[in-house]
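Dear colleague,

Please read them with the model open.

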Amino acid sequence: MPRTGNWLRRSALIVGLLAFVPVGRAELRPGTVLGSDNWEEAKGLLPDEFLEAYRRGDFRHEIRAWDPPKLGEEPIFSDALKENEDRFDLDKDGSIIDRRTGKPARDVMAWPFPKIDPSDPQVALKIVWNYFYTLYYGGNGHYRADLTWISRRGLDRAISVDAFHKYFEGQHPRFREGNDSKDLLEQTYAHVLSPADVEGILSLTWRYRDPSARDSVWTYVPSLRRTRQVSPANRSDGFLGSDLSQDDGPYFDGKVQDFEWKLVGEQDLLVLFDRVSFDQPALLTRLPEGGWRMVIPGGARVGFQMPDWKGVPWCPVQEVLIRRPHWVVEAIPKDKYYLYGKLVFRFDKDIYLGSYSSKYDWKGKLLNSYVAIRTNIVRVAPGEFWGWAGGAVALAVNWKLDRATTAGIVTGTDVPADSRIPLSTDVFSLQRIQSFGK
């Protein structure tokens, strides 16, 4: 009987373990196309709202494998990580402080928190700061972006925006500029190029290090010939009436200290990656003034541009799915007038870039989701730094109104994008946008 009892206990344990193994998951191997005929195989590997999109046949993508280069293996980044070990902490506001002095940290490079411990009460905040320092390491940028409003009918509206981003933290030493603005963390300037009814609208944002200082945001509207300072609370609202908010940015661009953060857990996810960045070599050239220019290849990137596409018109069609490990983090806005009452973010555990975010109202109902489509990573110079290649399309889906907005390059022409470039603070001056009204 003892042997029988042991056998029964072992059998029960095996059955219990098998209950957590998704049936048929092995079929989602590289080369498989995920769609309405096999969507169940992706249970647990996608946010629920996107799993449902594959079930309906709205989305359809091939699965690929990818062994990414490790940013931590880049010599300069790696050395910085060693210096950062146990050096930084967080104060009561969620700002980074230097343990040695107890004062706000300055000139941090690489991830300020190289070791992430899920049991740490502040782990969620540390993950989010690591995400921002991945962006900072990518450097200043100048990009052209197309925003498209898409419904089930197809394309409803499109605008083109020229944008500049300047960071005062985390820059690669080769491209680091002097920081005379000790109170600033980053600046953004955007210029709407077309169509005619919005051409010339300008937006300028200054973000401060001080956790109690709200963003300064100014807008110039040509029809009024006036520059107006607007509330930073509007950053959760749709940009120019779209389903993209200013707090979306490259994935999340809200002020860290404006939210309460909590680690929800860990999860493997099938993440949308730009196929072009894998299938074509990166068209990178070094700029004489410093930095790099990448030519983003044109072509059809969204469903409405494909005559034979059967899914939703806003589906990114040049993407593949790659399985990646993630931290799942929840954010609750401290501002009760913020449009969303809860946001759920997913950050890649290897590089801290984001993939899917889900946005809920204050009663817990899902309203919108945002997908920051990832790209391949390339080494642009041996022993110097890493670069991100590709011209992916970001996607904001409004589930309630059954529509979406994309951001990225969806024109048929090649478009240059500059990164790690020197940018004068004059580009982000209030005087510059005021001069447009004269």
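In what follows, Ala, Val, Leu, Ile, Met, Phe, Trp, Tyr, Cys and Pro count as nonpolar, Asp, Glu, Lys and Arg as charged, and the others, Gly among them, as polar. By these classes, the lining of the second largest pocket holds 8 nonpolar, 2 polar and 5 charged residues. Please keep in mind throughout that this is a predicted model.

The largest pocket has a volume of about 300 Å³, and among its 16 lining residues T219, V230, F239, L240 and Q246 are the closest to the centre. Its lining divides into 9 nonpolar, 6 polar and 1 charged residue. The strands β7 (184–194), β8 (202–208) and β9 (216–221) each contribute at least two residues to the lining of the largest pocket, with β9 giving the most, namely 3 residues.

R301 counts as buried because its relative accessibility is 2%, where the cut-off for buried is under 20%. The side chain of R301 makes a polar contact, at 3.1 Å, with the side chain of D274.

With best regards

Note on methods. Residues are numbered from 1 along each chain as its sequence is written. This is a predicted model: local features need pLDDT of at least 70, side-chain atom pairs count only at pLDDT 80 or more; totals for chains, interfaces and linings use all residues. Side-chain values use heavy atoms; hydrogens and water are left out. On a 1 Å grid over the protein atoms alone, a cavity is a set of points where a 1.4 Å probe fits but cannot get out, and a pocket is an open set with protein on both sides within 12 Å along at least five of seven lines; lining residues have an atom within 4 Å of a point. Grid points are joined across faces, edges and corners, and a volume is the space filled by probe spheres set on the points. Helices (H or I, at least four residues) and strands (E, at least two) are DSSP runs, numbered from the N terminus. Buried means under 20% relative accessible area, exposed over 50%, partly exposed in between (1.4 Å probe, protein chains only). A polar contact is a pair of N or O atoms within 3.5 Å; within protein, one must be able to donate a hydrogen and the other to accept it, and residues adjacent in sequence count only if both atoms are side-chain atoms.
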